[in-house]
Amino acid sequence: MQHDPIRITTPRHVADSDEVRNRRLLCAVVTRAVVDYVTLKGSEKPRDKRKSDEALDWVSSDTDCFDECGITFIAACDALGLSVTAVRATLQKLSKKDMERFRHVLSHNMNVPEQVDDDDS
């Protein structure tokens, strides 16, 4: 079965069951890691570099169970039906320009904000 690491969709007409809410949460977590890594990699700003490094560390981790930090990348991908290998490979190929298109698609499918916030939290 082929997995498309870019398209994670849940139809809007489906009632917000716990399963749908959990999928949306996991999708948001994976999306945030992808967006942080791609848009902030190579930044000179310490905060941006830290966020990018943390996102890459999370995505690169081979841990597949819950730990004190919460859900792992592998567990999130499994729950979303995504290929871990395909997502990781695609992540390395994405550019900042791709992220604009990616956020636009996600904003229409998963209620993900089109713009990355720039707060210092």
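From the N terminus on, the elements of the protein run α-α-α-α-α. There are five helices and zero strands, where helices (H or I, at least four residues) and strands (E, at least two) are DSSP runs numbered from the N terminus. The model is a predicted one, in which local features need pLDDT of at least 70, side-chain atom pairs count only at pLDDT 80 or more, and totals for chains, interfaces and linings use all residues. Residues are numbered from 1 along each chain as its sequence is written, and side-chain values use heavy atoms, with hydrogens and water left out.

The pLDDT is the predictor's confidence in each residue, from 0 to 100. Its mean for the protein is 76, and 65% of the residues reach 70 or more. Among the helices, H2 has the highest confidence, at a mean of 93, whereas helix H5 (residues 96-110) has the lowest, at 67. Over residues 110-121 the pLDDT is below 50, yet this stretch has 28 contacts in the model beyond near neighbours in sequence. A contact here means heavy atoms within 4.5 Å.

Of the 121 residues in the protein, 34% are buried. Buried means under 20% relative accessible area, exposed over 50%, and partly exposed in between (1.4 Å probe, protein chains only). Among contacts with a separation of 6 or more, 60% are made by residues 24 or more positions apart.

The expected span of a helix is 1.5 Å times one less than its number of residues. The 15 residues of H2 should therefore span 21 Å, and the end C-alpha atoms are 21 Å apart, which agrees. In H2, the residues Asp-48, Lys-51, Ser-52, Ala-55 and Val-59 are buried. They lie on the same side of H2, because they cover an arc of only 95° around the axis; the arc is that of the directions from the helix axis to the C-beta atoms. An α-helix has 3.6 residues a turn, so residues three or four places apart point the same way. The buried residues of H2 pack against helix H1 (18-40), H3 and helix H4 (84-93). On the face turned away from the buried side of H2 are the exposed residues Pro-46 and Asp-57.

A polar atom of the Thr-72 side chain lies 3.1 Å from the backbone nitrogen of Ala-75.

Helix H3 is largely enclosed by the rest of the structure, because six of its eight residues are buried. These are Phe-73, Ile-74, Ala-75, Ala-76, Cys-77 and Leu-80. The buried residues of H3 pack against H1, H2 and H4. After H3 comes Gly-81, whose phi is positive, near 75°.

Cys-77 belongs to H3 and counts as buried because its relative accessibility is 0%. Leaving aside residues up to four places away in sequence, Cys-77 touches Leu-82, Val-84 and Val-87. Cys-77 and Val-30 are 47 residues apart in sequence, and 8.0 Å apart in space from C-alpha to C-alpha. Cys-27 also counts as buried, because its relative accessibility is 1%. A search of the whole structure finds zero disulfides, a disulfide being a pair of cysteine sulfur atoms within 2.5 Å.

Methods
A polar contact is a pair of N or O atoms within 3.5 Å; within protein, one must be able to donate a hydrogen and the other to accept it, and residues adjacent in sequence count only if both atoms are side-chain atoms.
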